[in-house]
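Reader: I would like to learn how to read a few local features in a structure file. Could you walk me through some?

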Amino acid sequence: MDIIFIDDLRLSTLIGIYPREQAIPQTIEISLQIGTSTLSAGQSDAIGDTIDYAQVVERLRYELSQRHFKLLEGGEENALQRDGQGQKTVQEGGDRRQIV
């Protein structure tokens with residue numbers, strides 16, 4: 001298994017349970033380590049054969065800008081686990097997420 005790293009990604013979002021948190025956007029920092037096989041991508045040199053980290057970043061930006069989440073865990077889980085059709089985009093157990 002190979003690891004794709006996205007480190008120190010900073011995003012602004014409304015997140016929290018307290019009134020102030022629900023009114024003022026906060027900057028969160030996310031670091032991801034996504035485990036996947038990159039063998040086929042190495043052979044084909046095609047982005048479609050691996051995880052496109054630019055799409056992962058855009059998905060996080062979009063999801064965190066569209067909704068207010070009470071808990072940080074809910075926001076990142078929602079953004080990483082589902083695509084526009086409700087299908088999983090990152091398999092459970094296949095990634096390790098660290099949110100600061």
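Predicted model: local features only at pLDDT ≥ 70, side-chain atom pairs only at ≥ 80, totals over all residues.

Reader: Which residues form a nonpolar patch on the surface?

Author: M1, I3 and F5 do, and together they have about 380 Å² of accessible area.

Reader: Where is S31 found, and does it count as buried or exposed?

Author: Buried means under 20% relative accessible area. S31 is found in strand β2, residues 26-36, and it counts as buried because its relative accessibility is 13%.

Reader: What lies 3.0 Å from a polar atom of the S31 side chain?

Author: That is the backbone nitrogen of D8. D8 has its place in strand β1, and at 48% relative accessibility D8 counts as partly exposed.

Reader: Now the backbone angles, please. What is phi for D8?

Author: About 55 degrees, a positive phi, although D8 is not a glycine. D45 is worth a look too: its phi is near 60 degrees, a positive value in a residue other than glycine.

Reader: Where is D45 found, and is it buried or exposed?

Author: D45 is found in the loop between α2 (39-44) and α3 (53-66). Exposed means over 50% relative accessible area. D45 has 72%, so D45 is exposed.

Key
Residues numbered from 1 in each chain as written. Heavy atoms only, no water. Patch = residues over 30% accessible without salt bridge, like charges linked within 9 Å, V, L, I, M, F, W, Y side chains within 5 Å. Areas by Shrake-Rupley, 256 points an atom, 1.4 Å probe, with all protein chains shown as cover. Salt bridge = Lys/Arg side-chain N within 4 Å of Asp/Glu carboxyl O. Helix = DSSP H or I, 4+ residues; strand = E, 2+ residues; numbered from the N terminus. Buried < 20%, exposed > 50% of the residue type's maximum accessible area, 1.4 Å probe, protein only. Polar contact = N/O pair within 3.5 Å; in protein donor to acceptor, adjacent residues only side chain to side chain.
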